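Subject: Structure handover

Hi,

Here is the structure I promised you. Please open it alongside this email.

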Amino acid sequence: MANKVLTQKDVRKAALYWHATSHMTYNYQRLQAGCMASMMGPIFDKLYPDNPEKIKEGLEREMLYFNTEPRWGAIIPGMTVALEEAYAVDPDSGIDGNTITEIKTALMGPLAGIGDTVWAGLMKPIFLSITLAWAMDGHVWGAWAYWLLAFDFDLGITYYMFMRGYKLG
């Protein structure tokens, strides 16, 4: 088997899926695990095309409790994709399901703290301080400018961190 099974398109699609759905599947028992499992479904299909047991095993692993800040913490799903690919390519590499779960568990809290601080405590207030002044002056585009700044920053950081996680995974 080659070193890589996934294409750049597969990884990019997973990153965009994470960005679009990381806040859509919250529940009190598993928080973002539903998004992780949904994002990893097509990845597992590609990694294990003829092994439904391995797909099931991987999806069960991804449905374990998971919660982090979705922008800066996007490095974790990126790493997960890379680790799952490494595990599929060479099961004897020392990477196994437990290692993947332990890495996710160890990183989700610290990255949530960093991400929440940077996003909610720094970037949002900066964007609002710029665009609220425009809105208070009666310019309706002040609201649009905030949305555009926030969305672009959100997408850019999420995509960068996800791809960085995959590369360093």
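Below is what I found in it, going from the overall fold to single residues.

**Overall**

Please keep in mind that this is a predicted model. The chain has 6 helices and 0 strands. From the N terminus on, the order is therefore simply α-α-α-α-α-α. The C-alpha trace spans about 60 × 30 × 25 Å along its principal axes. The chain has 169 residues, and 44% of them count as buried. Among contacts with a separation of 6 or more, 73% are between residues 24 or more positions apart.

**The core**

The largest nonpolar core holds 41 residues. Trp18, Met39, Leu47, Val81 and Phe162 touch the most other members. H4 gives the most, with 9 residues.

Take Phe162 as a way in. What does phenylalanine 162 contact, leaving aside its neighbours within four places in sequence? The list is Val11, Ala14, Ala15, Trp18, Met39, Ala74, Ile75, Pro77, Gly78 and Val81.

**H1 against H2**

Two packed helices are described by the angle between their axes and the distance between the axes. For H1 and H2, the axes come within 9 Å and cross at roughly 165°. That makes H1 roughly antiparallel to H2. The crossing is right-handed. On the H1 side, the contact is made by Asp10, Ala14, Tyr17, Trp18 and Thr21. On the H2 side, Cys35, Met36, Ser38, Met39, Ile43 and Lys46 take part.

**H4 against H6**

Here the axes come within 6 Å and cross at roughly 30°. H4 is therefore roughly parallel to H6. H4 passes H6 in a right-handed crossing. From H4, the residues that meet H6 are Ile75, Pro77, Gly78, Met79, Val81, Ala82 and Glu85. Their partners in H6 are Met161, Phe162, Arg164, Gly165 and Tyr166.

**H3**

Which residues of H3 (residues 52–62) are buried? They are Ile55, Gly58, Arg61 and Glu62. Seen down the axis of H3, the buried residues fall within an arc of 125°, so they line one face of the helix.

Threonine 158 lies in helix H6. Is threonine 158 buried or exposed? Its relative accessible area is 2%, and buried means under 20%, so threonine 158 is buried. Not counting residues up to four places away in sequence, threonine 158 touches Trp18, His19, Pro70, Arg71 and Ala74.

Aspartate 152 is also in helix H6. Its relative accessibility is 45%, so aspartate 152 counts as partly exposed. The C-alpha atoms of aspartate 152 and alanine 20 are separated by 13 Å. Along the chain, these two are 132 residues apart.

Best wishes

Conventions:
Residues numbered from 1 in each chain as written. Predicted model: local features only at pLDDT ≥ 70, side-chain atom pairs only at ≥ 80, totals over all residues. Heavy atoms only, no water. Core = buried A, V, L, I, M, F, W, Y, C linked by side-chain atoms within 4.5 Å. Buried < 20%, exposed > 50% of the residue type's maximum accessible area, 1.4 Å probe, protein only. Helix = DSSP H or I, 4+ residues; strand = E, 2+ residues; numbered from the N terminus. Contact = heavy atoms within 4.5 Å. Arc of directions from axis to C-beta. Axes fitted to C-alpha atoms, helices over the stretch in contact; angles between N-to-C directions. Parallel < 35°, antiparallel > 145°, perpendicular 65-115°, else oblique. Left-handed = near helix turned anticlockwise from the far one by under 90°.
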